[in-house]
Amino acid sequence: MSTSLRQIPRPAWAAIVVVLGAGLYTAAWFSAAAVLKGQAATWIAAQQRAGYVIDHSEPTVSGFPAQAIVTYADWRMAAPATSTAWAWRTPAIRVSAAPWAPLRFTVDLAGDHQVTGLGAAQSIISAAKALVRPALSTEGRISEIDVDIAGVTVSLPGHDTAVASIETAALAVTRERTSDGEVWHVTADAANWHAPLLEDPSAFTPNVRSLRFTADLTGALPSGTLPEALRAWHESGGTLEVRELL
(Lines give C-alpha, C1' and ligand atoms only; values in the text may rest on other atoms or scores of the structure.)
Protein backbone atom coordinates (compact mmCIF):
# COMPACT_ATOMS: atom_id res chain seq x y z
CA MET A 1 0.00 0.00 0.00
CA SER A 2 2.74 2.44 0.98
CA THR A 3 4.66 1.52 -2.17
CA SER A 4 1.66 2.34 -4.40
CA LEU A 5 1.19 5.72 -2.67
CA ARG A 6 4.82 6.63 -3.33
CA GLN A 7 4.27 5.79 -6.96
CA ILE A 8 1.53 8.44 -7.38
CA PRO A 9 2.93 11.25 -9.58
CA ARG A 10 3.36 14.69 -7.99
CA PRO A 11 0.77 16.32 -10.30
CA ALA A 12 -1.76 13.76 -9.07
CA TRP A 13 -0.90 14.58 -5.45
CA ALA A 14 -1.41 18.27 -6.20
CA ALA A 15 -4.83 17.53 -7.69
CA ILE A 16 -5.79 15.43 -4.64
CA VAL A 17 -4.76 18.24 -2.27
CA VAL A 18 -6.76 20.79 -4.28
CA VAL A 19 -9.86 18.57 -4.28
CA LEU A 20 -9.58 17.94 -0.53
CA GLY A 21 -9.03 21.64 0.17
CA ALA A 22 -12.03 22.60 -1.96
CA GLY A 23 -14.16 20.04 -0.17
CA LEU A 24 -13.13 21.29 3.26
CA TYR A 25 -13.77 24.92 2.27
CA THR A 26 -17.19 24.05 0.84
CA ALA A 27 -18.07 22.24 4.06
CA ALA A 28 -16.93 25.27 6.09
CA TRP A 29 -19.07 27.56 3.91
CA PHE A 30 -22.23 25.49 4.41
CA SER A 31 -21.44 25.24 8.13
CA ALA A 32 -21.13 29.04 8.38
CA ALA A 33 -24.45 29.47 6.57
CA ALA A 34 -26.10 27.04 8.99
CA VAL A 35 -24.62 28.91 11.99
CA LEU A 36 -25.91 32.25 10.65
CA LYS A 37 -29.42 30.88 10.11
CA GLY A 38 -29.36 29.24 13.54
CA GLN A 39 -28.24 32.39 15.34
CA ALA A 40 -30.85 34.48 13.51
CA ALA A 41 -33.59 31.96 14.33
CA THR A 42 -32.56 31.99 18.00
CA TRP A 43 -32.68 35.80 18.15
CA ILE A 44 -36.04 35.97 16.34
CA ALA A 45 -37.54 33.35 18.68
CA ALA A 46 -36.32 35.29 21.73
CA GLN A 47 -37.94 38.52 20.44
CA GLN A 48 -41.19 36.69 19.71
CA ARG A 49 -41.24 35.27 23.24
CA ALA A 50 -40.88 38.86 24.49
CA GLY A 51 -44.00 39.80 22.54
CA TYR A 52 -42.56 41.26 19.34
CA VAL A 53 -44.24 40.37 16.05
CA ILE A 54 -41.73 39.37 13.36
CA ASP A 55 -42.47 38.19 9.84
CA HIS A 56 -40.31 37.67 6.75
CA SER A 57 -40.02 35.58 3.62
CA GLU A 58 -38.21 32.25 3.63
CA PRO A 59 -34.50 33.04 4.10
CA THR A 60 -32.24 32.45 1.11
CA VAL A 61 -28.52 31.54 1.18
CA SER A 62 -25.96 32.90 -1.31
CA GLY A 63 -22.45 34.35 -1.54
CA PHE A 64 -20.38 31.24 -2.26
CA PRO A 65 -17.41 31.10 -2.15
CA ALA A 66 -16.32 34.42 -0.60
CA GLN A 67 -19.02 34.76 2.07
CA ALA A 68 -22.05 33.00 3.48
CA ILE A 69 -24.99 35.40 3.07
CA VAL A 70 -28.47 34.78 4.48
CA THR A 71 -31.14 37.20 3.20
CA TYR A 72 -34.47 37.82 4.94
CA ALA A 73 -36.72 39.53 2.38
CA ASP A 74 -39.83 41.58 3.22
CA TRP A 75 -38.81 41.98 6.88
CA ARG A 76 -41.54 43.21 9.23
CA MET A 77 -41.31 43.78 12.98
CA ALA A 78 -43.72 45.37 15.47
CA ALA A 79 -43.48 46.17 19.16
CA PRO A 80 -45.44 44.23 21.80
CA ALA A 81 -48.95 45.47 22.50
CA THR A 82 -47.88 46.39 26.06
CA SER A 83 -45.11 48.69 24.76
CA THR A 84 -45.06 51.99 22.88
CA ALA A 85 -46.58 51.16 19.51
CA TRP A 86 -44.12 51.08 16.62
CA ALA A 87 -43.60 49.01 13.51
CA TRP A 88 -40.70 48.61 11.10
CA ARG A 89 -40.61 47.25 7.58
CA THR A 90 -37.77 46.96 5.06
CA PRO A 91 -37.35 45.11 1.76
CA ALA A 92 -34.44 42.96 2.95
CA ILE A 93 -31.96 42.29 5.74
CA ARG A 94 -28.72 40.53 4.84
CA VAL A 95 -26.59 38.64 7.35
CA SER A 96 -23.13 37.56 6.20
CA ALA A 97 -19.91 36.04 7.54
CA ALA A 98 -16.66 34.59 6.31
CA PRO A 99 -16.74 30.76 6.31
CA TRP A 100 -13.86 30.63 8.82
CA ALA A 101 -15.45 33.10 11.30
CA PRO A 102 -19.23 32.54 11.53
CA LEU A 103 -19.44 34.03 15.05
CA ARG A 104 -18.21 37.41 13.77
CA PHE A 105 -20.90 38.36 11.28
CA THR A 106 -22.31 41.47 9.59
CA VAL A 107 -25.94 42.60 9.42
CA ASP A 108 -26.46 44.83 6.36
CA LEU A 109 -29.36 47.26 6.80
CA ALA A 110 -28.66 49.53 3.84
CA GLY A 111 -31.77 50.67 1.97
CA ASP A 112 -35.15 52.13 2.87
CA HIS A 113 -36.92 51.48 6.17
CA GLN A 114 -40.55 52.37 6.82
CA VAL A 115 -41.16 53.13 10.49
CA THR A 116 -44.51 53.95 12.09
CA GLY A 117 -44.95 55.21 15.65
CA LEU A 118 -42.07 56.61 17.71
CA GLY A 119 -43.50 60.12 17.58
CA ALA A 120 -44.47 60.13 13.91
CA ALA A 121 -47.34 58.55 11.99
CA GLN A 122 -44.87 57.31 9.41
CA SER A 123 -41.28 58.01 8.47
CA ILE A 124 -38.88 56.70 5.87
CA ILE A 125 -35.28 56.17 6.96
CA SER A 126 -32.88 55.67 4.07
CA ALA A 127 -29.29 54.54 4.55
CA ALA A 128 -26.62 54.35 1.86
CA LYS A 129 -24.60 52.29 4.33
CA ALA A 130 -25.71 50.65 7.55
CA LEU A 131 -23.59 47.79 8.87
CA VAL A 132 -23.94 46.16 12.29
CA ARG A 133 -21.11 43.79 13.23
CA PRO A 134 -21.68 41.76 16.41
CA ALA A 135 -19.12 39.28 17.71
CA LEU A 136 -20.44 36.31 19.66
CA SER A 137 -18.67 34.39 22.37
CA THR A 138 -18.67 30.59 22.32
CA GLU A 139 -21.60 30.77 24.77
CA GLY A 140 -23.62 32.70 22.19
CA ARG A 141 -23.46 36.05 24.02
CA ILE A 142 -22.45 39.30 22.34
CA SER A 143 -18.93 40.26 23.40
CA GLU A 144 -18.65 43.32 21.19
CA ILE A 145 -20.56 45.17 18.50
CA ASP A 146 -19.65 47.77 15.87
CA VAL A 147 -22.07 49.95 13.91
CA ASP A 148 -21.04 51.86 10.80
CA ILE A 149 -23.53 54.08 8.93
CA ALA A 150 -23.31 56.69 6.19
CA GLY A 151 -25.68 58.74 4.07
CA VAL A 152 -28.69 58.44 6.36
CA THR A 153 -31.80 60.59 5.81
CA VAL A 154 -35.16 60.73 7.58
CA SER A 155 -38.24 61.81 5.61
CA LEU A 156 -41.78 62.56 6.81
CA PRO A 157 -45.06 62.87 4.86
CA GLY A 158 -45.78 66.47 3.93
CA HIS A 159 -42.12 67.53 3.81
CA ASP A 160 -40.37 68.03 0.49
CA THR A 161 -36.89 67.61 1.97
CA ALA A 162 -35.38 65.35 4.61
CA VAL A 163 -36.15 66.38 8.19
CA ALA A 164 -32.89 64.89 9.44
CA SER A 165 -29.70 63.59 7.92
CA ILE A 166 -26.29 62.38 8.99
CA GLU A 167 -23.20 61.97 6.83
CA THR A 168 -21.37 59.32 8.87
CA ALA A 169 -21.62 57.74 12.30
CA ALA A 170 -19.96 54.89 14.14
CA LEU A 171 -20.64 53.06 17.37
CA ALA A 172 -18.35 50.61 19.16
CA VAL A 173 -19.43 48.59 22.21
CA THR A 174 -17.26 46.04 24.01
CA ARG A 175 -18.09 43.90 27.02
CA GLU A 176 -15.57 43.38 29.83
CA ARG A 177 -15.99 40.98 32.72
CA THR A 178 -14.67 42.26 36.03
CA SER A 179 -14.76 41.06 39.63
CA ASP A 180 -17.75 43.37 40.19
CA GLY A 181 -19.70 42.13 37.19
CA GLU A 182 -19.93 43.33 33.60
CA VAL A 183 -18.80 46.65 32.13
CA TRP A 184 -19.83 47.78 28.65
CA HIS A 185 -17.46 50.32 27.07
CA VAL A 186 -19.32 52.55 24.59
CA THR A 187 -17.81 54.92 22.02
CA ALA A 188 -19.86 56.85 19.46
CA ASP A 189 -18.79 59.28 16.72
CA ALA A 190 -20.92 61.27 14.29
CA ALA A 191 -20.17 63.79 11.56
CA ASN A 192 -22.34 66.40 9.84
CA TRP A 193 -25.66 65.83 11.55
CA HIS A 194 -28.49 68.08 10.30
CA ALA A 195 -31.98 68.30 11.87
CA PRO A 196 -33.71 71.51 10.70
CA LEU A 197 -37.00 70.70 12.50
CA LEU A 198 -35.39 70.67 15.94
CA GLU A 199 -37.82 72.75 18.02
CA ASP A 200 -35.33 74.27 20.48
CA PRO A 201 -31.98 75.04 18.81
CA SER A 202 -30.76 76.77 21.98
CA ALA A 203 -30.71 73.39 23.75
CA PHE A 204 -28.99 71.48 20.96
CA THR A 205 -28.04 73.03 17.64
CA PRO A 206 -29.74 71.48 14.59
CA ASN A 207 -26.40 71.41 12.76
CA VAL A 208 -23.57 69.40 14.31
CA ARG A 209 -20.28 69.10 12.49
CA SER A 210 -18.87 66.42 14.77
CA LEU A 211 -19.85 64.64 17.97
CA ARG A 212 -17.95 62.16 20.14
CA PHE A 213 -19.29 60.28 23.14
CA THR A 214 -17.62 57.70 25.37
CA ALA A 215 -19.11 56.04 28.44
CA ASP A 216 -18.99 52.95 30.63
CA LEU A 217 -22.18 51.07 31.44
CA THR A 218 -22.00 48.72 34.42
CA GLY A 219 -24.38 45.88 35.18
CA ALA A 220 -25.89 43.20 32.99
CA LEU A 221 -28.86 44.06 30.78
CA PRO A 222 -31.59 41.45 31.31
CA SER A 223 -33.77 40.09 28.53
CA GLY A 224 -37.21 41.47 27.69
CA THR A 225 -38.47 44.61 25.98
CA LEU A 226 -36.13 47.60 26.06
CA PRO A 227 -38.12 49.60 28.66
CA GLU A 228 -38.39 46.53 30.90
CA ALA A 229 -34.68 45.71 30.50
CA LEU A 230 -33.62 49.28 31.29
CA ARG A 231 -35.90 49.42 34.34
CA ALA A 232 -34.57 46.11 35.68
CA TRP A 233 -30.99 47.19 34.96
CA HIS A 234 -31.48 50.45 36.88
CA GLU A 235 -33.22 48.77 39.82
CA SER A 236 -30.38 46.23 40.11
CA GLY A 237 -27.82 49.01 40.55
CA GLY A 238 -26.73 49.57 36.95
CA THR A 239 -24.87 52.82 36.30
CA LEU A 240 -23.79 54.90 33.30
CA GLU A 241 -20.56 56.90 33.59
CA VAL A 242 -19.98 59.43 30.80
CA ARG A 243 -16.26 59.85 30.19
CA GLU A 244 -16.25 62.11 27.15
CA LEU A 245 -18.77 64.30 25.32
CA LEU A 246 -17.39 66.56 22.62
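The legends below describe close-up views of a predicted model.

**View 1. Overall make-up of the protein chain.** The protein chain contains 3 helices and 12 strands, and of its 246 residues 28% count as buried. Among contacts between residues at least 6 apart in sequence, 47% join residues that are at least 24 apart. The chain exposes about 14900 Å², of which carbon and sulfur atoms supply 61%.

**View 2. The aromatic pair of Y52 and W86.** The whole structure holds 5 aromatic pairs, and one of them is formed by Y52 and W86, whose rings are tilted, with 6.1 Å from centre to centre and 50° between the planes. Because Y52 lies in the loop between helix 2 (10-49) and strand 1 (53-55) while W86 lies in strand 4 (residues 86-97), the pair ties together parts of the chain that are 34 residues apart in sequence. Y52 has a relative accessible area of 12% and is therefore buried, whereas W86, at 21% relative accessibility, counts as partly exposed; the cut-off for buried is under 20%.

**View 3. The aromatic pair of W75 and W88.** The ring centres of W75 and W88 are 6.0 Å apart and the planes stand at 55°, so this pair is tilted. W75 belongs to strand 3 (residues 68-78) and W88 to strand 4, so the pair ties together parts that are 13 residues apart in sequence. W75 has a relative accessibility of 5% and so counts as buried.

**View 4. A cluster of aromatic rings.** Elsewhere in the model, W29, F30 and F64 are linked into a cluster by ring pairs.

View 5. A search of the whole structure finds 10 salt bridges, and in the one between D74 and R76 the closest N and O atoms are 3.6 Å apart. D74, with a relative accessible area of 24%, is partly exposed, and R76, at 31% relative accessibility, also counts as partly exposed. These two residues belong to a network of salt bridges that links D55, D74, R76 and R89.

**View 6. The salt bridge of E244 and R212.** In the salt bridge between E244 and R212, the closest N and O atoms are 3.1 Å apart. This pair links distant parts of the chain, since E244 lies in strand 12 and R212 in strand 11 (residues 207-218), 32 residues apart. E244 counts as partly exposed at 26% relative accessibility, and R212 is likewise partly exposed, with a relative accessible area of 31%.

**View 7. The salt bridge of R243 and E241.** The side chains of R243 and E241 meet in a salt bridge with an N to O distance of 3.7 Å. R243 is exposed, its relative accessible area being 54%, whereas E241, with a relative accessible area of 44%, is partly exposed.

View 8. L211, L240, V242 and L245 together make a nonpolar surface patch of about 360 Å². Strand 12 (residues 239-245) contributes the largest share of this patch, with 3 residues. L240 is placed in strand 12, and, at 52% relative accessibility, L240 counts as exposed.

Definitions and conventions. Residues numbered from 1 in each chain as written. Predicted model: local features only at pLDDT ≥ 70, side-chain atom pairs only at ≥ 80, totals over all residues. Heavy atoms only, no water. Phe/Tyr/Trp six-rings, centres within 6.5 Å; stacked < 30°, edge-to-face > 60°. Helix = DSSP H or I, 4+ residues; strand = E, 2+ residues; numbered from the N terminus. Buried < 20%, exposed > 50% of the residue type's maximum accessible area, 1.4 Å probe, protein only. Contact = heavy atoms within 4.5 Å. Areas by Shrake-Rupley, 256 points an atom, 1.4 Å probe, with all protein chains shown as cover. Patch = residues over 30% accessible without salt bridge, like charges linked within 9 Å, V, L, I, M, F, W, Y side chains within 5 Å. Salt bridge = Lys/Arg side-chain N within 4 Å of Asp/Glu carboxyl O.
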